[in-house]
Amino acid sequence: MDREKILLFGHRGARGEAPENTIAGCRRALSAGMDGIEVDVRVCRSGEVVVAHDATLTQITGRRLPVLAYSLVELKRLDVGASFSEAYRGERIPLLEEVLDNFGDKLILDLELKGKGIHAFGLEEKVIRLVHRRGLQDRVILSSFNPLILLKAASLDPTLRLGFNLLDDFWIGLRKIWFPRLLHSYSVHPEPSLMDEGMVKFARRREAKLIPWQVNEESDIRRALELGADGVISDFPTRLKRVYNEWCAEKRLPPSL
Ligand code: G3P
Ligand code: MG
């Protein structure tokens, strides 16, 4: 069978099993047998690229702290593990560099570049520089919902893999129209509600890999595999790996597929 391996990713590290976007979460995804991880990156006040999902850290710290208003030193003082569970108390917000250094040789890294509008505070340049410095160009996918970020990244290094995130929102039609016209992406990442035959055709027509995200329910994982997804991103790496292995066994496919 000449099909590439279906890639399994932990979402925000392993969001359902460990604090999101932390080194502990990435380790968890690795030990669960993931091929890769997705993490969110943004710039903090002192200019470093940190791994954090929201513009404010309310969900993970319980306090309304805008990432852009705090320096790295200040952010590093925050505990982002205890709100998940006491076992993770003391977990810190990682720098992107820490994720690249710890996992770049072990996992495929889907780096989601966060930013609204036209200004991402130099995020694209900074991320690309960090990736280049470590020679990890072939190990990363730079993904985003923001077309301007993807265009900027493509202009800085047209050889890097780009991932196009899709949400089932008001703008979905528009996104699907401008995306193919403006850039060619390596992969398309729809949320589970968008996973259907039409989405498969959309990706195939553009020769883009189809890698849905936050595929958490067993039924959704199976549906993604049945539809022919090239990868699956889930909050629950342990569940994803189990369902994937069971599915491979049922189909009499080697688990390496
Ligand atoms: O992989 C895409 C996915 O991470 C986008 O959603 O909000 O979890 O960053 P979000
Ligand atoms: Mg993300």
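Predicted model: local features only at pLDDT ≥ 70, side-chain atom pairs only at ≥ 80, totals over all residues.
Residues are numbered from 1 along each chain as its sequence is written, with chains lettered from A and ligands numbered from 1 in written order. Local features need pLDDT of at least 70, side-chain atom pairs count only at pLDDT 80 or more, totals for chains, interfaces and linings use all residues, and side-chain values use heavy atoms, with hydrogens and water left out.

The residues around ligand 1 (a heavy atom within 4 Å) include Arg-12, His-53, Phe-145 and Trp-213. Sorted by class, this shell has five charged residues (Asp, Glu, Lys or Arg), three nonpolar ones (Ala, Val, Leu, Ile, Met, Phe, Trp, Tyr, Cys or Pro) and three polar ones (the others, Gly among them).

Polar side-chain atoms of His-11 and Glu-112 each lie 2.7 Å from an oxygen atom of ligand 1. For Asp-40, a side-chain N or O atom is 3.1 Å from a ligand oxygen. On its own, ligand 1 exposes 290 Å² (Shrake-Rupley method, 1.4 Å probe), and the protein buries 94% of that.

Then there is the magnesium ion, ligand 2. Its protein donors (N, O or S atoms within 2.8 Å of the metal, or 3.2 Å for Na, K and Ca; water is not among the atoms, so sites may look incomplete) are Glu-38, Asp-40 and Glu-112, at 1.9 to 2.1 Å. Along the chain, these donors follow the spacing E-x1-D-x71-E. Why does Glu-38 count as buried? Because its relative accessibility is 3%, and buried means under 20% (1.4 Å probe, protein chains only). Asp-40 is buried too, at 0%.

Notes
Polar contact = N/O pair within 3.5 Å; in protein donor to acceptor, adjacent residues only side chain to side chain. Buried < 20%, exposed > 50% of the residue type's maximum accessible area, 1.4 Å probe, protein only.
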